[in-house]
Amino acid sequence: MSYIEISNLSKSYGKIKALNNVNINVDAGELFGLIGPDGAGKSTLIRIVTTLLLPDSGYVNVLGYNTREDYKKIRGEIGYMPAVFSLYSDLTVQENLDFFAGVFGATVAENYNLIRGVYHMLEPFKNRPAGKLSGGMKQKLALSCALIHRPKVLILDEPTTGVDAVSRRELWELLYDIKHQGITIFVSTAYMDEAKQCDRVALIQKGRVLGVNSPHGFAQMFPHKLYDVYADGIWSFLDKIRALDTCKSAYMFGSNLHYVSTDDAETTETLTNKLHQIGLSGDVDIKQINAGIEDYFIRQLTENAELS
Amino acid sequence: MKKIFILLQKEFIQIFRNKTILPIIFVLPVVQLLILANAATQEMKNIKLAIVDYDCSPESRGLIEKFTFSKFYAIIPVERSTKKAIKLIDMGYADAALIIPNSFGAMANRSESIKLQLLTNAINITSAALINRYTSSIVLDYATNATVEFGKPTISQASIRHWYNPTLDYKLYMVPGILVILVTIVGMFLTAINIVREKELGTIEQINVTPIKPYQFIIGKLIPFWVIALAELMFGLVIARVVFNLNITGSIPLLFGFAAIYLIAALGLGLILSTSASNQQQVMFMAFFFMTVFLMLSGLFTPTESMPSWANWFNKINPLFYFMNVNRMLILKGSDFSNLWPNFLAISIIATVVIIIAIKRYKKTS
């Protein structure tokens, strides 16, 4: 059964189409990622799913309940962690947790084992006002508060935005634990590398879903030959490389360059020669690689951006 | 019920933890009552009076003595010339000049009607009227057959007695009014700001995805400020009693009964404002706007009887007007329910309408 069923969903703000005919199904027990750049419509979609916003057309069912008619039933069954910290900063960690358990008619004690993984890191600060916690701690408290009533579906809006690398990894580990406790997770992010952490991913841009697949499935859909190039100062040759005749696209990937070739006959040798011709000297380390999900996304996002 | 309790608990923790709002709640009544009641007075003191005595009889000197001993007057020395006295007023050295005619003594003894002239600087109409009133009452007190002319003879010789506030103590008039302001500020402003703050911080969104129903949220928000505003009224009354020796002649439970209904209207207005604003700045500005209009027309500073008829029509829906009425009638006059019931009826209708609109608007916007 689909826990979240998004069907032909559209939403406009004035002339701007925030969501354009979106269709997504999230299955029970899945860790589902919604990936897209800023302004893609992720938050709008999440606000509709969490019953905070009504769509213009189409519908969303969460756990079989419609967000328009049965929003009351949905609200009791989901946990929501908004993009901005929105707990009471003048209440302590403990008071926030007790409050959010209370409004769902639950107690902290009965669901403690569910949040133990998150909460044990917060326990030393339980009498500290939430506003005085560090960014990572705030996230963990928000996650605890969203989980304290043992929701069937956990919905997170960009939980890793503005969080340091260590806390990001910690947060994803916590999400795995939560998933293993049988909770379905719907999470949005602007970071493409986080797509790999999800069971399935929807790629969204300018209000349109460009595809739904597993990270592996997405990577296999990459249609061209891809080369990973390393050379000192290669970024300063970017313009010249992009002007090469077989260049579909070229972009920096960490300290390396990913070169997408339009020519199926391309080999590491032919590419090395081309790079030398445009003046790239010294050691050039080139190997052909399998595309990752990020390569696929970059391709899709640029193509979609060019289309519209 | 349990959820409302949880909301109330949270609200009270937050209010009592707020290091800015809490002191203000209790400092406000002290400062407002002490400063405002003393400063916003319409009593005249140190009226600079130039007396031109054309008579120089024992009788005229006796009259001048009356003014000299009065704490309300400072006598400005002037030559026996009306022109000089007018010049003093022109230059601002005198507020008024009293002209005693040369036949004053003789006529007073013969019990003939005497006419004195008072020239007043009327740039501030209120103070001019007060000076006229004070001066003529002193003259009348001295010589019952005297008339004071203000340019043309208009004043009647009727003696005036002020009921309920016999010494015309302006503080007794102001204090009940200031209590109304206090209760309204706590009720309307704090409620509105509190709800908008939840909007601003995004916490209301977190609440909205919980199974808390709008009515539970509203009750959880209104009850704390309802309680605090009533406590504020009690606190204000104690200060008024201790500092101004204000004697509450009417029934205190009746006063609180009215305040309790009035507050539902004030809190409801706060809630309506909060649904139309998205940040604290906006809501403060709106609350201030409404408060000023309601307050100006309520009769705190100027009697509503002298307002134009549109203002009196508006006052029919002005909750502050009724509270101001009831407060003064009950505290100063000792009115009971049989006199006050029209006010109770009106405020109950206003409170019901306001709270219904508020809940409807809240449901619509959330």
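**Rings, bridges and the chain contact**

A: Start with A:Y296. This residue is buried, at a relative accessible area of 5%. Keep in mind that the model is predicted.

Q: Which ring does A:Y296 pair with, and how is the pair arranged?
A: A:Y296 pairs with A:F297. The pair is tilted, with 6.3 Å centre to centre and 55 degrees between the planes.

Q: Is A:F297 buried or exposed?
A: Buried. Its relative accessibility is 0%.

Q: How many aromatic pairs are there over all chains?
A: The whole structure has 21 aromatic pairs. One of them joins A:Y112 and A:Y119.

Q: Why is that pair called edge-to-face?
A: Because the planes of A:Y112 and A:Y119 stand at 85 degrees, with the ring centres 6.1 Å apart. An angle over 60 degrees counts as edge-to-face.

Q: And how accessible are those two, A:Y112 and A:Y119?
A: A:Y112 is partly exposed, with a relative accessible area of 23%. A:Y119 is buried, at 2%.

Q: Which rings form a cluster in chain B?
A: Ring pairs connect B:F258, B:Y262, B:F323, B:F337 and B:F344.

Q: Switching to charges. How many salt bridges over all chains?
A: There are 21 salt bridges over all chains. Among the pairs is A:R168 with A:D193, at 3.0 Å from N to O.

Q: Where do A:R168 and A:D193 sit?
A: A:R168 is in helix 6 (residues 165–180) of chain A. A:D193 is in the loop between strand 8 (184–189) and strand 9 (200–205) of chain A. So the bridge ties together parts 25 residues apart in sequence.

Q: Buried or exposed, for A:R168 and A:D193?
A: A:R168 is buried, with a relative accessible area of 18%. A:D193 is partly exposed, at 33%.

Q: What does A:K196 pair with?
A: A:E294, in a salt bridge of 3.1 Å, N to O. This pair links distant parts of the chain, 98 residues apart. A:K196 lies in the loop between strand 8 and strand 9 of chain A, and A:E294 in helix 10 (residues 293–307) of chain A. A:E294 is buried, with a relative accessible area of 14%.

Q: What about A:E303 and A:R299?
A: Their side chains form a salt bridge at 2.9 Å, N to O. The two are four residues apart in helix 10 of chain A, so about one helical turn separates them. A:E303 is partly exposed, at 27% relative accessible area.

Q: Which residues make up the salt-bridge network in chain B?
A: B:K10, B:E11, B:E198 and B:K221, joined by salt bridges that share partners.

Q: Now the contact. How much area do chain A and chain B bury between them?
A: About 2,000 Å², with 62% of it on carbon and sulfur atoms. On the chain A side, A:Y88, A:D90 and A:V103 lose the most area, together 28% of what that side buries.

Q: How many residues does each chain give?
A: Chain A gives 21 residues and chain B gives 20.

Q: How many salt bridges and polar contacts between the chains?
A: Three salt bridges. One joins A:E95 and B:R17, at 2.7 Å from N to O.

Q: Which element supplies the largest share of the chain A side?
A: Helix 3 of chain A, with five residues. By type, that side divides into 11 nonpolar, six polar and four charged residues.

Terms used. Residues are numbered from 1 along each chain as its sequence is written. Chains are lettered from A and ligands numbered from 1 in the order in which they are written. This is a predicted model: local features need pLDDT of at least 70, side-chain atom pairs count only at pLDDT 80 or more; totals for chains, interfaces and linings use all residues. Side-chain values use heavy atoms; hydrogens and water are left out. Contact means heavy atoms within 4.5 Å. Buried area is the accessible area (1.4 Å probe) that two parts lose on being put together, summed over both. A salt bridge is a side-chain nitrogen of Lys or Arg within 4 Å of a carboxyl oxygen of Asp or Glu. Ala, Val, Leu, Ile, Met, Phe, Trp, Tyr, Cys and Pro count as nonpolar, Asp, Glu, Lys and Arg as charged, and the others, Gly among them, as polar. Rings of Phe, Tyr and Trp (its six-membered ring) pair if their centres lie within 6.5 Å; planes under 30 degrees apart count as stacked, over 60 as edge-to-face and the rest as tilted. Buried means under 20% relative accessible area, exposed over 50%, partly exposed in between (1.4 Å probe, protein chains only).
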